[in-house]
Amino acid sequence: MIVPALILTFIITIFTKVPVAIALGFSSLVAFLVSGQYPLMVLINRLFSGMDSFVLISIPMFILMARIMNESGSSRRMFNFANSLVGHWPGGLGHTNVLASVIFAGMSGSSAADAAGLGRIEIESMNEHGYDPAFSGAITAASSVIGPIIPPSIPMVVYGTMSGTSVVKLFAGGFLPGLLLGLTLMIIVYIIAKRTPGFPIEKKANLKERWIAFKDGLPALVTIVIILGGIFTGLYTPTEASVIAVLYVFFLDICFYHELKLSDYGRLLYETALDTGMILIIIACANAFGWLLAVERIPNIMIDFITQLNVSPLVVLLLINAVLLFLGCFIEGIAILVILTPVLLPIVMQLGYNPVYFGVLAVLNVMIGVVTPPMGMSLFITSRITNIPVMKLSKAMLPFYVSLIGALLLCIFFPDIILFLPNLLFK
Amino acid sequence: MNSKRLYRYFENINKAIIIFFLVATIAVLALQVFSRLFFSRAFAWAEEVARYLFIYLSLAGAAIAYKKDLWVSVDIISSKLSKRAKNVYYLVTESICFTFFIIITLVSFKYIASSKGQLTAALQIPMAIPYLAVPIFFVQMSIISLNKIFHFFKEKGI
């Protein structure tokens, strides 16, 4: 009775105005009440322990750092640096847009920070240079997917917490897939530019201009070294790295940029906590939901079912990827990770897949969801900045969907793209 | 009930908690990591303090975000409803939220009472102190939710 009550209530509530967190919490509550098997106090215990994690503290830190960078001009400097390198390629600012997102991804952990902060700079600059607004919006949204794939990454922190997988290894695993995403997007930009008559192009920067842009962007670029260098050498944990990075970007603004006032910091801290609260309440409620699925042995039942089907592991893996991709279109990515990680991980491990490999794939799947309608955060943000309706924007994104899915398939069929770095760094 | 004043009251208290706790979390962890890197000394309590501050500030943030209708939802139904049906729909969904909040609040009091005598691992303070975050902010969310329902009736003149 427990599982039907849980699933049924969840399906009824999730597609209504009831927030995702409450759909999860309320269906768990109904399941507890229907069964009478577990005391309700266990529910409180699951809610609390879902939030009680040291690794999760990195979430507000990464959000705060990206916000400070966006508002103190660091992101603009990175954009200029990227432009001095690739702006003259056919596709112009389209390439700049992708490269800036790749660089920014080395400091930020979410696609929203990329689309909302850096994205605004990218779109404004592309509008000034006469690019088709739909193209600008589309490439900005598409490249924002790279943010949570290249470390640091908030969804990977969440997956790592839920699955007990090393966040550091996941971070290492996301590195090459993130670069691959950037590469496939640039190829599409190149093809579009070649096939569109009169596509704008930028002047090539000379060595001196590049040096100036590099010097200007250098303090911001050091953030990448501080975060990734510290984490991968084992000098400090991802949470500690996130705190040091916050202090560093704060120090940069206080000492050099002087773009933020004390009241701005108050606002940034406040907004960061609201964003964190929205994520954490989903994690807390999903933790109760996932616990019920686990004690009712749903993963084991599914493993038995799949073993009986007698199909190859790759087919199952592809099917799981398709399900994640499909759900990502409707449900917030982090919620999917929190609900499904405890269910899916035992299955893929039974099939012989590496948890780091699966984690990066799962994150990639649900993050492609942030740019697909009807429910895609980055798509909404870019639509708001460009004033282009979501449906029109997603039509302009069609070629980029092809490249995102293409990169995903490459990662599925060539696991070394994900596993090469973790294996190299952590023997 | 003067809802505007009540909202502002919650928001200001929560805002103070958030900013103070977030700064404190950063300070504690910075202290921890720098003392470890430069003086090879680690504080056993730092991690625990940071975790509990984090829970408080997250729930405070969640409560304000709920007030501002920022919680993520997947609403594919309401745009297809008539005006009348929309009203009923709103009441039903908001009641679900309220039911969830109020039950969690009530049970969490019981939970805290049953945790009597338990101490945290590093600080050796009662576990009730971190646990209190749950009722403090869920009671706020219950009131906010109830207020939304009251407000709805007032607007419709019922």
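Which helix gives the most to the lining of the second largest pocket? That is α15(A), with seven residues. Helices here are DSSP runs of H or I of at least four residues, numbered from the N terminus.

Before going on, some ground rules. This is a predicted model, in which local features need pLDDT of at least 70, side-chain atom pairs count only at pLDDT 80 or more, and totals for chains, interfaces and linings use all residues. Residues are numbered from 1 along each chain as its sequence is written, chains are lettered from A, and side-chain values use heavy atoms, without hydrogens and water.

Back to the pocket. A pocket is an open set of points on a 1 Å grid over the protein atoms alone, with protein on both sides within 12 Å along at least five of seven lines; a cavity is a set where a 1.4 Å probe fits but cannot get out, and lining residues have an atom within 4 Å of a point. The second largest pocket holds about 730 Å³. It has 30 lining residues, and the closest to its centre are Met302(A), Val323(A), Leu327(A), Leu340(A) and Leu344(A). Among the elements giving two or more residues are α1 (2-14) and α16 (333-350) of chain A. By class, the lining has 30 nonpolar, no polar and no charged residues. Nonpolar means Ala, Val, Leu, Ile, Met, Phe, Trp, Tyr, Cys and Pro; charged means Asp, Glu, Lys and Arg; the others, Gly among them, are polar.

There are also five cavities of 30 Å³ or more. The largest cavity has about 60 Å³, and its lining divides into five nonpolar, four polar and one charged. Glu332(A) is one of the lining residues.

Now the backbone. Most residues other than glycine have a negative phi, and most peptide bonds are trans. Which bonds are cis here? One joins Pro151(A) and Pro152(A), with omega about -5°, and Pro152(A) sits in the loop between α8 and α9 of chain A. Another runs from Pro373(A) to Pro374(A), with omega near 0°; Pro374(A) is in the loop between α17 and α18.

Positive phi values occur at His258(A), near 50°, and at Asn310(A), near 60°. Asn310(A) lies in the loop between α14 and α15. His258(A) is exposed at 56% relative accessible area, and Asn310(A) is exposed at 67%, where exposed means over 50%, buried under 20% and partly exposed in between, with a 1.4 Å probe and protein chains only.

Terms used:
Grid points are joined across faces, edges and corners, and a volume is the space filled by probe spheres set on the points.
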